[in-house]
Amino acid sequence: MKWHNPGHEFDNVYKSMVEKEEFYFFGAGDYGKQFLPIMEKEINIKGYIDNNTDKQRTGYEGYTCYSLDQIDFFAGKTGIIITVSQMQRSSIVEQLKRAGYEKDMDFFIIEEFLSVYFVYKYDKVYFSSISFLPSTVCNLKCKACLNFNPFAKQFYVREWEQVKADIDLFFKCVDHIMLFHVSGGEPMLYKHIAKVIDYLDKNYGDRIDTLRTVTNGTVIPDDSTLEVLSNCSVEITVDDYREAVPKYNDKFDFLLKKLDEYSIRYYINYASEWIDLAPDRTDFSMASDEQMIKHFDNCCQSWQELRDGKLFSCNYDAYAAVAGINKEPDDEIFDLRTYSPDLKRNLVEFRLGYNVKGYTNFCRKCMGISEKNPYKVAPAEQI
Ligand code: SF4
């Protein structure tokens, strides 16, 4: 979205939020569940809405689960908060619009609700997530690598001092974060991974709801790393790429055994397909600014990257710069090094998708993350 009134983009949205006396969460699943503890203390949640009839029968997390047409909706007094993940969101938005509900009047998006509510009500900067990439080093060669490693001349590796400085600066500006995601490359190949996780956990753990990293399931961290991780409140997403790289199947099993042995929390991620952003087959260089703003707004990508004292509007824009296929972003960044507390609402707006241009440089070469992107590939398909 393009900034028109920085610092005030959400004034009316907040006004509409605080008029409401009760809310429903639309989306009874894992994604929405994580927001429950934080929001339950702040707002009156009447229950869930979900299109899944099983959930309507059983309820969810102690709440009744309704179909949309079952709820008691009092215009102006009742609000609906969409709590499904970005990729499934557009169909819910359409469903609500078809039923006559209006965005930011009757229904809200959870990440916007969270950040806008806390910055307006408490003058606190709450983020739903941030992505942090200490290194792009990886042992796999995925065709559709979202770090764009196949295009890069060399891997990118950050020094510990740079990493630490970014973490400290980030927490000077941001009060609370729901998900701090240390990504890669393959994080387990980064030599300071234990130090990064330990530093985040010990120094900022009370301001992070979930500290998470990820592994491709083909690398076994050494025992000293596992020991450190076992003493941190961290969870690991273990991507299951056994179909794409069967030669690592034994390692995958051994990794799970080691994580169990060290009582490290992990989740296995089975993706059925990946989206290829296809920078080598995409060219929107002739598109107008208006068309690009639309392309950016229609993209479901919601990760932002923290690097070198800056937040990047889209982490793939940042990764493409690191891989050398995009120029270093300029007006689609938020510079935390020049941040001052009077910019809290600007910072929240940036995190929620506003920037000077309304899109990123890389959007001109990127098909985006949406159902309209035709380039679907098998997860971790190798070059
Ligand atoms: S189109 Fe690509 S570069 Fe643009 S926001 Fe989406 S993922 Fe990022």
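Is glutamate 328 buried, exposed or partly exposed, and what is its relative accessible area?

A: In this predicted model, glutamate 328 has a relative accessible area of 34%. Burial would require a value under 20% and exposure one over 50%, so glutamate 328 counts as partly exposed.

The side chain of glutamate 328 forms a salt bridge with that of arginine 307, with an N to O distance of 3.2 Å. The two residues belong to distant parts of the chain, 21 residues apart: glutamate 328 is in the loop between α12 and β14 (333–335), whereas arginine 307 is in strand β12. Arginine 307, with a relative accessible area of 5%, is buried.

Helix α12 spans residues 315–322, and seven of its eight residues are buried. The buried residues are Asn315, Tyr316, Asp317, Ala318, Tyr319, Ala320 and Ala321. Their cover includes β6 (126–132), β12 (305–307) and β13 (310–312). Just after α12, glycine 324 adopts a positive phi of about 85°.

Lysine 143 and glutamate 381 meet through their side chains at 2.9 Å, N to O. Lysine 143 lies in the loop between β6 and α7 (160–173) and glutamate 381 in the segment after β15 (376–377), so this bridge ties together parts that are 238 residues apart in sequence. Both partners are partly exposed: lysine 143 has a relative accessibility of 45%, and glutamate 381 one of 32%.

Glutamate 21 and lysine 77 form the other bridge, their closest N and O atoms being 3.7 Å apart. Here the loop between α1 (11–19) and β1 (22–26) is tied to the loop between β3 (65–66) and β4 (78–82), because glutamate 21 lies in the former and lysine 77 in the latter, 56 residues apart in sequence. Lysine 77 is partly exposed, at 38% relative accessible area. The model's count comes to 29 salt bridges.

Terms used:
Residues are numbered from 1 along each chain as its sequence is written. This is a predicted model: local features need pLDDT of at least 70, side-chain atom pairs count only at pLDDT 80 or more; totals for chains, interfaces and linings use all residues. Side-chain values use heavy atoms; hydrogens and water are left out. Buried means under 20% relative accessible area, exposed over 50%, partly exposed in between (1.4 Å probe, protein chains only). Helices (H or I, at least four residues) and strands (E, at least two) are DSSP runs, numbered from the N terminus. Contact means heavy atoms within 4.5 Å. A salt bridge is a side-chain nitrogen of Lys or Arg within 4 Å of a carboxyl oxygen of Asp or Glu.
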